[in-house]
Amino acid sequence: CCVDPTGGPPSSCIYTTQTECEQVLGGFYQGNGVLCAGVEACCMPNGDCIMADALCCVNELGGSPQGAGSTCQPLEACCFPDGACQDLDPLCCVTLGGTPQGFGTVCQPVEACCFADGNCRMLDPLCCVDQGGTPQGFGTDCSATIACCFPDGTCQTVSRVCCDDMGGTPSPFGAPMCLGDLNGDGFDDACVIGKDLKWRQAPDLDPTGIDVDASCPGLFEDACIVLADDFECIQTGPITEVHVYGSWWQDAYPMGDPGMVMFTLSFHLDVPAGIDLPYSHPGPMEWIQHFNPDDFVVRPYAEEIVEGFYDPLQQFYDPAADWTCWEYIFYLNDPFIQQGTEIDPVVYWLDVQAMPEVQGFYFGWKTSTDHWNDDGVFAVGSEPVDPLSWGELRYPESHPWVDESIDLAFEIYGEADAPCDCIPGDANGDGMVNVGDAVYLIAYVFQSCPSPPCPPPTPYALCSGDANCDCAVNVGDAVYIISYVFKGGPPPCDCPTWLSICGPPLRK
């Protein structure tokens with residue numbers, strides 16, 4: 001008879017009659033002639049371990065007896081194949097399919113765990129190691145991603161904490177995802193030093209973030225909406241790349257693809273507040289480019305968020321309208337040369353309009369909590385927009401920040417300074433200037449190598465062969481080198497001097 005006189009689970013086994021077992025003791029009769037099996041460790045279905053008769057363990061408790069002489073042990077961390085950790089008796093851990101982690105271990109708060117393939121999971125650090133991963137430390141998480149760059153030019157978007165574990169290095173300018181080799185140099189664009197972040201207003205991914213309709217036509221009627229926001233230039237130079245963050249109303253995409261849309265981007269001079277309107281706005285257009293679906297890169301930037309959608313023309317606001325933020329990356333075929341210095345900065349405006357390939361779908365430019373200068377603005381129409389038609393963008397009714405200024409999320413990049421790694425006059429690229437370079441240049445200039453056409457100076461066709469810094473490669477450079485080597489003439493100029501005379505960029 002399986003019974004527990006204390007009112008607990010029927011773990012004890014005694015010999016008695018069926019009547020006394022069931023009616024007096026409230027136990028469970030095991031049958032005439034059945035013998036008690038003996039007390040041993042019994043693992044319950046929930047992982048608990050109790051000392052029970054093996055017969056009662058199986059028949060009445062639904063547990064698993066652990067063998068004659070076994071006893072319940074102190075709890076320790078137990079890792080399961082799915083990565084879960086539970087503090088259990090080690091015998092019960094094994095019975096349930098787990099791996100005991102050793103005497104005295106206890107489950108810890110989950111943290112980022114990196115695997116060799118770049119996968120990142122939130123696991124107990126003990127279970128991370130048990131599954132072949134590398135724990136990243138208390139408080140780390142897998143949420144932030146980075147473009148991880150490898151020596152062979154490839155790139156993999158992984159959790160920021162896992163890049164070094166894979167033998168990679170983070171994108172030199174912090175790109176959150178790989179971009180692809182759009183310029184054909186054999187390296188993912190996210191891994192090429194040569195970008196200079198000139199301006200950033202990060203997307204608001206909290207529930208306060210909204211997407212402002214920038215579609216043609218817009219959400220209501222047949223009106224086209226153009227949005228614009230201002231930024232400051234403190235260093236003259238080219239703008240070569242623009243990133244715009246946004247979402248689609250109800251996460252609905254033209255032809256099921258967020259890339260099936262055309263964009264128009266333009267840069268404008270600033271009209272300060274009070275000149276013709278009470279607020280500043282875009283003025284004369286300085287640059288414009290139209291982008292077809294194949295002319296840009298679109299990447300998911302954040303998912304499973306809750307964002308609102310706002311039509312500024314009709315003052316329509318849907319507080320829970322989309323759940324995915326997209327990053328649109330535009331490469332400027334004809335870079336815009338912005339003007340400005342730290343002493344004399346220049347304010348510009350970026351205008352954006354989206355034209356979906358199929359009507360009935362609506363793109364919104366994401367708001368940013370990075371506020372600078374004046375509000376973003378909107379206008380009805382297409383470029384060029386009447387400068388007097390711009391209206392201020394402010395948060396709508398029912399938003400927590402009603403009537404406060406709206407700024408929009410975008411990034412602007414230019415080219416970083418070219419590396420000064422040329423040795424003028426080192427025509428054969430062996431790292432020194434000697435008579436071999438003169439011979440190389442004569443063969444190149446007169447095409448007298450064994451198998452014309454003779455290769456140009458390397459690695460830079462112009463700078464590497466231009467020993468006398470006249471910004472040309474000719475026989476004079478060979479004469480200059482011969483004079484330097486054999487007659488003590490002036491040495492070839494250095495790279496900074498060549499750049500100051502002949503000017504960047506330095507091209508291979």
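A salt bridge is a side-chain nitrogen of Lys or Arg within 4 Å of a carboxyl oxygen of Asp or Glu. Keep that in mind as you open this predicted model, where local features need pLDDT of at least 70, side-chain atom pairs count only at pLDDT 80 or more, and totals for chains, interfaces and linings use all residues. Residues are numbered from 1 along each chain as its sequence is written, and side-chain values use heavy atoms, with hydrogens and water left out.

**First stop: a network.** Select D211, E307, D322 and K366, which salt bridges link into a network. The structure holds 6 salt bridges.

Now keep K366 and D322, whose side chains meet in a salt bridge at 3.9 Å, N to O. This pair links distant parts of the chain: K366 sits in strand β22 (residues 363-368) and D322 in strand β21 (residues 316-356), 44 residues apart. Strands here are DSSP runs of E with at least two residues, numbered from the N terminus. Both K366 and D322 are buried, meaning under 20% relative accessible area, while exposed is over 50% and partly exposed in between (1.4 Å probe, protein chains only).

Select D375 and R394, a salt bridge with its closest N and O atoms 3.1 Å apart. D375 lies in the loop between β22 and β23 (377-380) and R394 in the loop between β24 (391-392) and β25 (407-408), so the pair ties together parts 19 residues apart in sequence. D375 is buried at 8% relative accessible area, whereas R394 is partly exposed at 33%.

E392 is partly exposed, with a relative accessible area of 31%.

Key:
Helices (H or I, at least four residues) and strands (E, at least two) are DSSP runs, numbered from the N terminus.
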